[in-house]
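Colleague: I would like to learn how to read a model like this one. Please take me through it feature by feature.

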Amino acid sequence: MSMVPHNYSVRRNSIFGLLDGDENSAIVSARVDWRETSQAHVFKADLPGLRKEEVKVEIEDNRILQISGERHAETEEKNDTWHRVERSSGKFVRRFRLTENAKMDQVKASMEHGVLTVTVPQEEVKKPDVKVTQISG
């Protein structure tokens, strides 16, 4: 005798909830690391199973870096019996506001083994010149 109710066969399409076949509303989480070096901001996003053609890197005028894409669900055949669906599918969007010294026109992106790397060079922050003024009197 099974402890799982008979009607417990709802498919899970998204890590955020039960969607019962509605792939259009799924949202996928994209985990991103952001580190800043003296020369650049470096973003690394884990996007397993995605091709570079399925990912977009966009730069907005107000210093916003946007990484987006979509992971499509596998098509189901009428004769297939699915025992488990754990991989998520759907769209994702991550947005990051960059610092004033970011060189937005020199952004580079590459993808290797399911990891997207976006490098945004930055200008060296100039330290203000400090002049000492003698006090008279």
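Modeller: Start with contacts: two residues are in contact when heavy atoms lie within 4.5 Å. Keep in mind that this is a predicted model.

Colleague: Is Q122 buried or exposed?

Modeller: Buried means under 20% relative accessible area. Q122 has 7% relative accessibility, so it counts as buried. Its side chain also reaches the backbone oxygen of T37, at 2.7 Å.

Colleague: What is the strand order in the open sheet?

Modeller: Read it across the sheet: β1-β2-β7-β6. The four strands pair antiparallel. β1 (31-36) and β6 (108-112) are the edge strands, each pairing on one side only. Neighbouring strands are turned by 15° against each other on average, direction ignored.

Colleague: How many bridges join β6 to β7?

Modeller: Five, and the two strands run antiparallel.

Colleague: Where is confidence lowest and highest among the strands?

Modeller: Strand β5 (residues 90-97) has the lowest mean pLDDT, 92. Strand β7 (residues 115-121) has the highest, 97. Residues 1-27 are another matter: pLDDT is below 50 there. Beyond near neighbours in sequence, that stretch has 37 contacts in the model.

Colleague: And what is the mean pLDDT of the chain?

Modeller: The mean is 80, and 80% of the residues reach 70 or more.

Methods. Residues numbered from 1 in each chain as written. Heavy atoms only, no water. pLDDT = per-residue confidence, 0-100. Buried < 20%, exposed > 50% of the residue type's maximum accessible area, 1.4 Å probe, protein only. Polar contact = N/O pair within 3.5 Å; in protein donor to acceptor, adjacent residues only side chain to side chain. Pairing = 2+ DSSP bridges. Axes fitted to C-alpha atoms, helices over the stretch in contact; angles between N-to-C directions.
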